[in-house]
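Trainee: I am new to this structure. Please show it to me, and let us go through it in questions and answers.

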Amino acid sequence: MDNKKIKTRLRSFAEQHLEISGAGRFHHHFALYQCPNCEAHPLRAVVERHAGDRPKDFEGILWTDCPACRSEQMALGVTPKGKKGEPPISVDRPACACGNDTFYLGSLDQFEKPSTFVKGTVVAMCTECDALLPLVDTDG
Ligand SMILES: [Zn+2]
Ligand SMILES: [Zn+2]
């Protein structure tokens, strides 16, 4: 599957997941994650949840690591100021139902014009079987 197709699949899944209908007063930004070192798109994820994390209101850090070059990066960090050093309450490496844990990842964020963050999501597509799953949801 080429990058354009991957982006389209991930983005439409994220739009359904966030229940986005029409544009109206909102605008949206979608990004396909890539390795900062080798620019590969298949990545593995680690979801680190911190105290205060709730469904639809992620608190913690989403890390990605690249199976090709082993680079790690903090893809998303939602931590209250001064709490960064707190130990996570759970650390989870998401895997697909097929057993594979390498995904194409993308984030969709919704803004109220001009630039107030409303909500967002990070979604994943399995590189083996194309299954789609949401990873974390954030709330403004
Ligand atoms: Zn890499
Ligand atoms: Zn799979």
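Trainee: How many bridges join strand β1 (residues 26-32) to β6?

Mentor: The model is predicted: local features need pLDDT of at least 70, side-chain atom pairs count only at pLDDT 80 or more, and totals for chains, interfaces and linings use all residues. Residues are numbered from 1 along each chain as its sequence is written, while chains are lettered from A and ligands numbered from 1 in the order in which they are written. Strands here are DSSP runs (E, at least two residues), helices are H or I runs of at least four residues, and both are numbered from the N terminus. Two strands pair if DSSP finds at least two bridges between them; β1 and β6 run antiparallel, and their bridges number seven.

Trainee: What is the number of bridges between β6 and β7?

Mentor: These two strands form a hairpin with three residues between them. In β7, Thr116 is the bridge partner of Glu112. The strands run antiparallel, and the bridges that join them number ten.

Trainee: How many of the ten residues of β6 are buried?

Mentor: Buried means that 20 or more other C-beta atoms lie within 10 Å of a residue's own; exposed means 12 or fewer, partly exposed is in between, and C-beta atoms are placed from the backbone. β6 is largely enclosed by the rest of the structure, because the buried residues among its ten number seven.

Trainee: Which strands are the edges of the open sheet of four strands?

Mentor: The order is β4-β3-β2-β5, with antiparallel pairing. An edge strand here pairs on one side only, and these are β4 and β5.

Trainee: Which residue of β5 is the bridge partner of Arg49?

Mentor: β2 pairs with β3 over six antiparallel bridges. In β3, Val46 has Trp63 as its partner, and Glu48 has Ile61. β2 also pairs in the antiparallel sense with β5 (residues 90-92), over three bridges. There the partner of Arg49 is Ser90.

Trainee: Is Pro94 buried or partly exposed?

Mentor: Pro94 lies in the loop between β5 and β6. Not counting residues up to four places away in sequence, Pro94 touches Ala45, Val47, Asp101, Ala124 and Leu135. Pro94 has 17 C-beta neighbours inside 10 Å, so the class is partly exposed.

Trainee: What is the phi of Glu19?

Mentor: Glu19 lies in the loop between α1 and β1. With 7 C-beta neighbours inside 10 Å, Glu19 counts as exposed. Phi is positive here, in a residue other than glycine, and is near 55°.

Trainee: Where does Glu39 lie?

Mentor: Glu39 also has a positive phi, near 65°, and is not glycine. Glu39 is exposed, with 10 other C-beta atoms within 10 Å. The place of Glu39 is the loop between β1 and β2.

Trainee: How many helices and strands does the protein have?

Mentor: From the N terminus on, the elements run α-β-β-β-β-β-β-β-β. The secondary structure comes to one helix and eight strands.

Terms used:
Two residues are in contact if their C-beta atoms, placed from the backbone, lie within 7 Å.
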